[in-house]
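Reader: Please walk me through this model one question at a time, and give the cut-offs for each term as it comes up.

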Amino acid sequence: MRPPLRQPAPAMPRMFAALACALFMTACAGLPQDVPRPESHALAATQRTALHTLVDQRRQQAGAQAASGFALLDGPQAAYGSRLALVEAAQKTLDLQYYAVHADASSARLLRAVRDAAGRGVRVRILLDDFHSVGRNALVLQLAYVPNIEMRLFNPLAGGRQSTVRRVLNSLGDAKRIQQRMHNKLFIADNILGITGGRNLGDAYFGLGDAGNFVDLDVLAAGPVVREMSKSFDSYWNNERAYPAPALVTPEELAALRRSEREGAGAAHAEGAPRPPDGEPRPASGGDARQRAQRVALAWDQKAMDLQTLPFVWAPSALLADAPGKIPADAGAAAGPTPERPTPAHGELPEGETVVDGLLHLIAQARRDLLIISPYFVPGDDMKKAFADARQRGVRIRVLTNSLASNDAPIAHVGYARHRMDLLDAGVELYEMRSEQASVGSALGSAGGSGAGAAGASRAMLHSKVLVRDDRLLVVGSMNLDLRSQLQNTEIALLIRSRELSRQATELIERSLREGAWRVERDKNGRLVWRAPAGSGLQDARREPDSSLGLRLLLRVIGPLAPDEML
């Protein structure tokens, strides 16, 4: 999912803000002032839980020297089951930090488990970026009124939650701030096991989307590195930009939203669609319902992962995390990045001003091979120079990104497309993901499976954010290689020095390059050609494959007008 675009020149937002104030009853409503924000922090490492005992036992059984362990979570079942396992096993604390949580079937199952955990005495803290907490998705905020659950919203927009458009219009006078979003993703249990990666919470992230599904990669971390993840969470939780949800939305407002959603479901029912129970997504009908049921069975079975048998790889690691101060507290604050420095657990790790700057340091240290996944790939001048310098050192560089057809934000593809020729000329190997996949069972959308096709294959959209350097260093996080991640949004990334995990990730990625991606090249006349995946039965393409005329026209019209920093 793509954060909102940056707004136009500074004078324009003021004019639109004045217009919005005249047009809308809720316009120019400010954020609440002097909001109490009681500080709280992660569970102390000295407090033992069953999960602490499990991690210690697994490490001793492995005879590991490194203190922290990791497991790649490939596909919806592993991604969903691991989160459910953490919720069900937590005894003291659960900390969730997300850019978006959608009110749908997969999130409902997880959040019911979170409520159950709170009911048995687990302290739950949920930190959400505020942009998508609107309409039906705002109903997630009801958790803020559940005992033992605290919820805060980061960098909120002013105004009601019925309409995203109205909220944006209401905030145009503060356009610079609202364009900068908290993009971090963390899911932490008892400060000893934690998950990070690119995945938000919602059906489309767990293989259940009706129109399309994001293909993603997570990593489950165990041990001391999780304390670094918790420190990052705490820095955002206790920041002045994090507002307690009850200060922004009342139970009465949530009840009104719930009634509105119920009435909308009732109208659909009157037109022939089955009416859903309160708080549940509207079910499909007929053949759609059968296809959805098949997709559910193939995607995830709502069972918790067995953490006792999950294979961990124990390895040196470090966390890179942007500071919450990268997003200014108000419109007048300085916008420059002021990130927290990573605290390396072991080994030689890069330093940088932001998470993306840290990746540029990693690229500068590459000696043989770079394998990169960036769904939104809009390289600035420093990124292009880093690639060019690496190529001069003889480093092979392969990049997998979205095709125009698979990109959920075609506007971002505009920025990538204008750099395609330069990247190819520099010797970068470019691959673009196929939008119509036979399977989304793999984190990287391998086209090898046939079962999901029988269930009604949906559009696949690349969402993983991964870098493998020289077959021994793996990076998994929330960041893209674009100017938005570098300059505006806050991001987080886990760096793991492990040949075994690098090998696992490389095998996943290379399979996707072979079977599920178009390779972009220049023909003998210098024009672009998209080479079809091996064994796909497809023909090579001379224009953006699988894309409509409208999308290609968008690329031509907007391309020359939109600067990279807007995309």
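Author: Helices (H or I, at least four residues) and strands (E, at least two) are DSSP runs, numbered from the N terminus. Residues are numbered from 1 along each chain as its sequence is written. The model is predicted, so local features need pLDDT of at least 70 and side-chain atom pairs count only at pLDDT 80 or more, while totals for chains, interfaces and linings use all residues, and side-chain values use heavy atoms, with hydrogens and water left out.

Reader: Which residue follows α4, with a positive phi?

Author: Helix α4 covers residues 105–119 and reaches 21 Å from its first C-alpha to its last, close to the 21 Å expected at 1.5 Å a residue, where the expected span is 1.5 Å times one less than the number of residues. After α4 comes a residue with phi near 105°, and that residue is G121.

Reader: Which elements do the buried residues of α4 pack against?

Author: Buried means under 20% relative accessible area, against over 50% for exposed and partly exposed in between (1.4 Å probe, protein chains only). In α4 the buried residues include L110, L111 and V114. Taking contact as heavy atoms within 4.5 Å, the buried residues of α4 pack against α3 (76–89), β2 (93–98), β3 (123–129) and β4 (149–154).

Reader: How many bridges join β4 to β9, and in which sense do they pair?

Author: Two strands pair if DSSP finds at least two bridges between them. With β3, strand β4 runs parallel over 6 bridges, and L127 has R152 in β4 as its bridge partner. F154 has A242 in β9 as its bridge partner, and β4 and β9 (residues 242–244) pair in the antiparallel sense over 3 bridges.

Reader: Which strands stand at the edges of the open sheet of 9 strands, and why is one side of each left without a neighbour?

Author: The order is β11-β18-β17-β16-β12-β13-β14-β19-β20, with mixed pairing. Each edge strand has a single partner strand, so one side of each is left without a neighbour in the sheet; these strands are β11 (317–321) and β20 (528–531).

Reader: Which helix packs on that sheet, touching β11 and β18?

Author: Within the sheet, β17 (residues 473–477) and β18 (residues 492–497) run antiparallel and are joined by 5 bridges, and L474 stands opposite I496 in β18. Axes are lines fitted to C-alpha atoms, for helices over the stretch in contact, with angles from 0 to 180 degrees between N-to-C directions. The helix touching β11 and β18, whose direction makes about 10° with that of β11, is α7 (residues 225–237).
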